[in-house]
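Trainee: Could we go through this model together? I would like to begin with how the chains meet and then move to other topics.

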Amino acid sequence: MGQFIQQLINGLTLGAVYGLIALGYTMVYGIIGMINFAHGDIYMVSAIISVTALTLMSALGISAVPLVLALVLIIAIAFTSVYGWAVERTAYRPLRNASRLAPLISAIGMSIFLQNMVQVTQGARVKPVPTLMPGGIELFTHAGFSVHLAYTQIMICVVTVVLMVAFTGLITRTSFGRQQRACEQDRTMASLLGIDVDKTISYTFMLGAALAAVAGVMVTVYYGVVDFSIGFVAGIKAFTAAVLGGVGSLPGAMLGGVLIGLIESYWSAYLSPEYKDVATFVILILVLMFRPSGLLGRPEVEKV
Amino acid sequence: MIETPQNTLLEVNNLTMRFGGLTALDDLSLAVPAGKVTSIIGPNGAGKTTFFNCLTGFYKPTVGDVVMHHPQHGKLILNQLATHRVARHAGVVRTFQNIRLFPSMTVLENLMVAQYNALQRASRFSLAGLLGLSGYRRANEEALAKATTWLERLGLIDRANVAAGNLSYGTQRRIEIARALCVDPLLLCLDEPAAGLNPRESAELNELLLYLSREHDKGILLIEHDMSVVMRVSDQICVLNFGHKIAQGTPHEIQHDPNVIKAYLGEEETEEVSA
């Protein structure tokens, strides 16, 4: 029982992070119909930036935790959005009218480029970060197993929920959200009504990168270790989350993220931690085979 | 070159569009005035839709250009503008033969999307929109008011919150026109707006087109096969056949033009007899 609750907490925390990354996949897929395989590396870049920012803060002697966290978030979001913008501008926009395969290959190239760039400039060693928010709450003890809720876990869940609410508001109620959805449904028509489609796509990439940036900061604070290769696996898991929820569906991405997080932590606890990645990818394969449109996605209807 | 009278809105000069060996439009010149309905007719494949595609930046014409005389922004060469600038800056909006609404948005949202300009300026990267600041709220209310006005005028107000894709064909056509009007166009280009409409709906369309051109001084460029609409509302008609302009004039002149009868109306009459 204690174990079960503990894994629920761990799984939800992990799932929140996957969900934040998955949103970026799903938004970009929605608007230009491509899987941005460099998105996981955008998240990695954000984690590295937050390590730098955290180190900078401690060098400057800023130690109030909420202030440090807010500053790191702002710095990471700012820089990572610029990365998101630059990736779209250089690797995808020139291929806007090319065959579907071209931007996909370009995305994989971009992913390799980002990983190597960080490896070369930051070194390949794992970067440790001092614990920012130690401790937590001991919820209860059951049959000798104490269930623990860390402050970082509370923070991750709260930040994710707040972001989801703000993000849903942005997409459903503001004029940017309407433009974004219009471009998703019919890019040509949107431009004929005066919407700057290129700009909307740029903003979408920046928004997706900003969400990945938050995930990067959270993970850095949560695990305390970061290196240049974390983007790959996290990216593929978030992609699995997006596919599971239904690529193109925003609530689907969040639901998929939480499900993947839960599956991973229960699998690690009850079956085998070594094979947790296998569990995730088996789900990816099963979903693609039996329900390619995902849990909340609509089956794609061929336009005629 | 043709001479351009005072109230010319759109001026088409020697427009030629070739696709490889096929000449879809051949040396077309035309002046479209404000406050009047100009119809483009012709058999299938005559180059009518190609002409619209050249206007709105889809195709870059092989030769010639399309000039918009904008009262505020001066002379604008449409074929050199990006597509979204054609709508936003030059005030030219088109509809499609096959309706292109945003199907999973509500009717009202479809009309709000078209009011990009004012709202985007007020929303400041959406922050103002999220926080509900007063400047954005005011812009939003104005946009809503405009959308509501057109919905009421077109008898769509009770459908405002229905997903556009769920509505009937005739209704979707009207929404598409309402949405185009929300851009505040100077020139409205309608590609077969009467297709698929029943006689009552197409009579309403006639009335709407006359109302827009007379009361709102919109220039209207109309591609249409339904002669009951064309002959009733047009101030001038331009007849295309295989990319050439074979006639231009008032409905009366066109109905009696021997070239037109041979190329176009004659065929339709025999069809009607056999049907």
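This is a predicted model: local features need pLDDT of at least 70, side-chain atom pairs count only at pLDDT 80 or more; totals for chains, interfaces and linings use all residues.

Trainee: How many residues does the contact take from chain B and from chain A?

Mentor: Chain B gives 25 residues and chain A gives 21 residues; two residues are in contact if their C-beta atoms, placed from the backbone, lie within 7 Å.

Trainee: Which elements of chain B supply at least two residues each?

Mentor: They are helix 2 (83-88), strand 6 (92-94), helix 3 (107-113), helix 4 (116-123) and helix 5 (127-131) of chain B. Helices (H or I, at least four residues) and strands (E, at least two) are DSSP runs, numbered from the N terminus.

Trainee: Which helix of chain B gives the most to that side?

Mentor: Helix 4 of chain B does, with 5 residues.

Trainee: Now the core. Which residues have the most contacts inside the largest nonpolar core?

Mentor: That core has 162 residues, and those with the most contacts are Val17(A), Ile21(A), Leu193(A), Val214(A), Ala215(A), Val92(B) and Leu111(B). A nonpolar core is a set of buried Ala, Val, Leu, Ile, Met, Phe, Trp, Tyr and Cys residues joined through C-beta atoms within 7 Å. A residue is buried if 20 or more other C-beta atoms lie within 10 Å of its own, exposed if 12 or fewer, and partly exposed in between, with C-beta atoms placed from the backbone.

Trainee: Which helix provides the largest share of this core?

Mentor: Helix 8 (residues 197-223) of chain A provides it, with 17 residues.

Trainee: And what does Ala215(A) touch?

Mentor: Not counting residues up to four places away in sequence, Ala215(A) touches Val17(A), Leu20(A), Ile21(A) and Tyr43(A).

Trainee: Is helix 10 of chain A mostly covered or mostly exposed?

Mentor: Helix 10 of chain A is mostly covered, as 15 of its 21 residues are buried.

Trainee: What about Thr188(A), buried or partly exposed?

Mentor: Thr188(A), in helix 7 (residues 187-192) of chain A, is partly exposed because it has 14 other C-beta atoms within 10 Å.

Trainee: Last topic: in what sense do strand 1 and strand 2 of chain B pair?

Mentor: Strand 1 (residues 8-19) and strand 2 (residues 22-33) of chain B pair in the antiparallel sense over 8 bridges; strands pair if DSSP finds at least two bridges between them. Glu11(B) has Ala31(B) in strand 2 of chain B as its bridge partner.

Conventions. Residues are numbered from 1 along each chain as its sequence is written. Chains are lettered from A and ligands numbered from 1 in the order in which they are written.
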